[in-house]
Amino acid sequence: MIGAAMSGRIADLIGRRATMGFSEMFCILGWLAIYLSKVAVWLDVGRFLVGYGMGVLSFVIPVYIAEITPKELRGGFTTVHQLMICLGVSVTYLLGSFIGWRILALIGIIPCVVQMIGLFIVPESPRWLAKVGRWEEFEIALQRLRGESADTSYESSEIKDYTKRLTDLSEGSLVDLFQPRYAKSLFVGVGLMVLQQFGGVNGIAFYASSIFESAGFSSKIGMIAMVVVQIPMTTIGVLLMDKSGRRPLLLISATGTCIGCFLIGLSFSLQVVSLFSGETSYIALTGVLMYTGSFSLGMGGIPWVIMSEIFPIDIKGPAGSLVTVVSWIGSWIISFTFNFLMNWSPTGTFYVFATVCGVTVIFVAKLVPETKGRTLEEIQYSIGYVQL
């Protein structure tokens, strides 16, 4: 959460690319501290450093991807970030079954080093370069991203015009976020993150084995089934993102998570009244898999896509930090309270999650704008930050 809170300001000050390098240094030092630790305190130091780095990366990576990709590919490219997270977690779970935690920590350094090397190759975000007035570098970076033979004159002029109009506004701060002109985007960005987390994703992800055991199903088979469902559904979401649009995928995803939570709650209800005792474990499995697949399709990645699209460049730093902090706080609250909720009432817990997912459907249908096929400047024009 500390990294998330500082991420926007750091990215605005030193640029997107430098911020990623800054984050990876903390991650590398953290993994080394874990690997070399002889006492528990160094494990805590290592986890703190890795957590700080990941907090910063969770904001800057989707923002960087959104700022460098063309409008017709932006959604899919940004969601690939979520797909890579799914793959990384799955590979880590697999490796953790065969090797010790010290070697696993050492392996964790590898992607950090690869990204550090890659940062010497990739260009800086053209939109950030425009924001800080480095116009010559902006033109070079944009041309490099689009290809030497591409005509970037229209896109370049649109970004320049929009950025110059924003210079009439004060540099965005956390206080400035609560001005009326930012109200809709702030409500949408924060609202999606709150609904994403309070729909129960981390409770189900972290305690899936306990859920399966409570429902009378094999936790090992259930966990394997979750991984088998998660990666293909995330891949489908990436492929459909720029074809079907953000809103349809979000609506389908939220509806599926609502049904999934309802089925899990129903399985516990039937256990209480001793009805269909032989089938309740399969109802729970179906619910968990439906929730996992539906969440992976849209609610896992699309809120981060929309967060990276709807805020103008002058307040993207503080706005993105706020949204990211809200996400991490929500994640912590659900992870911390889930066991207490299950002790209170497994049935009630999942019916509450189902209700939140149902509210998400209404929230998306009424408030979330469609951003498919539009440049970042067109999206922000439509919200009304700067008039044409």
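Me: Leaving aside neighbours within four places in sequence, which residues is Ser267 in contact with?
Reply: This is a predicted model, in which local features need pLDDT of at least 70, side-chain atom pairs count only at pLDDT 80 or more, and totals for chains, interfaces and linings use all residues. Residues are numbered from 1 along each chain as its sequence is written, and side-chain values use heavy atoms, with hydrogens and water left out. Contact means heavy atoms within 4.5 Å. With neighbours within four places set aside, Ser267 touches Thr280, Ile283 and Ala284.

Me: Where is Ser267 placed?
Reply: Helices are DSSP runs of H or I with at least four residues, and strands are runs of E with at least two, numbered from the N terminus. On that basis Ser267 falls in helix 13 (residues 246–272).

Me: Is Ser267 buried or exposed?
Reply: Buried means under 20% relative accessible area, exposed over 50%, and partly exposed in between (1.4 Å probe, protein chains only). Ser267 has a relative accessible area of 1%, so Ser267 is buried.

Me: What separates the C-alpha atoms of Ser267 and Glu279?
Reply: The two residues are 12 residues apart along the chain. The separation of their C-alpha atoms is 8.3 Å.

Me: How many disulfides does the count come to?
Reply: A disulfide is a covalent bond between the sulfur atoms of two cysteines. Here the criterion is a pair of cysteine sulfur atoms within 2.5 Å. The count by this rule is zero.

Me: Why is the sulfur of Cys86 too far for a bond?
Reply: Cys86 is buried, at 5% relative accessibility. The closest cysteine sulfur is in Cys357, and it is too far for a bond because the distance is 17 Å.

Me: Which cysteine sulfur is nearest to that of Cys357?
Reply: Cys357 counts as buried at 4% relative accessibility. Cys357 is in no disulfide, and the nearest cysteine sulfur, 4.5 Å away, is that of Cys261.

Me: What radius of gyration does the protein chain have?
Reply: The radius is taken over C-alpha atoms, and the globule rule is 2.2 Å times the number of residues to the power 0.38. For 388 residues, a compact globule would have a value near 21 Å. The protein chain agrees with this, at 22 Å.

Me: How many helices does the protein chain have?
Reply: The protein chain has zero strands. Its helices number 18.

Me: What percentage of the residues in the protein chain is buried?
Reply: The protein chain has 388 residues. Buried residues make up 52%.
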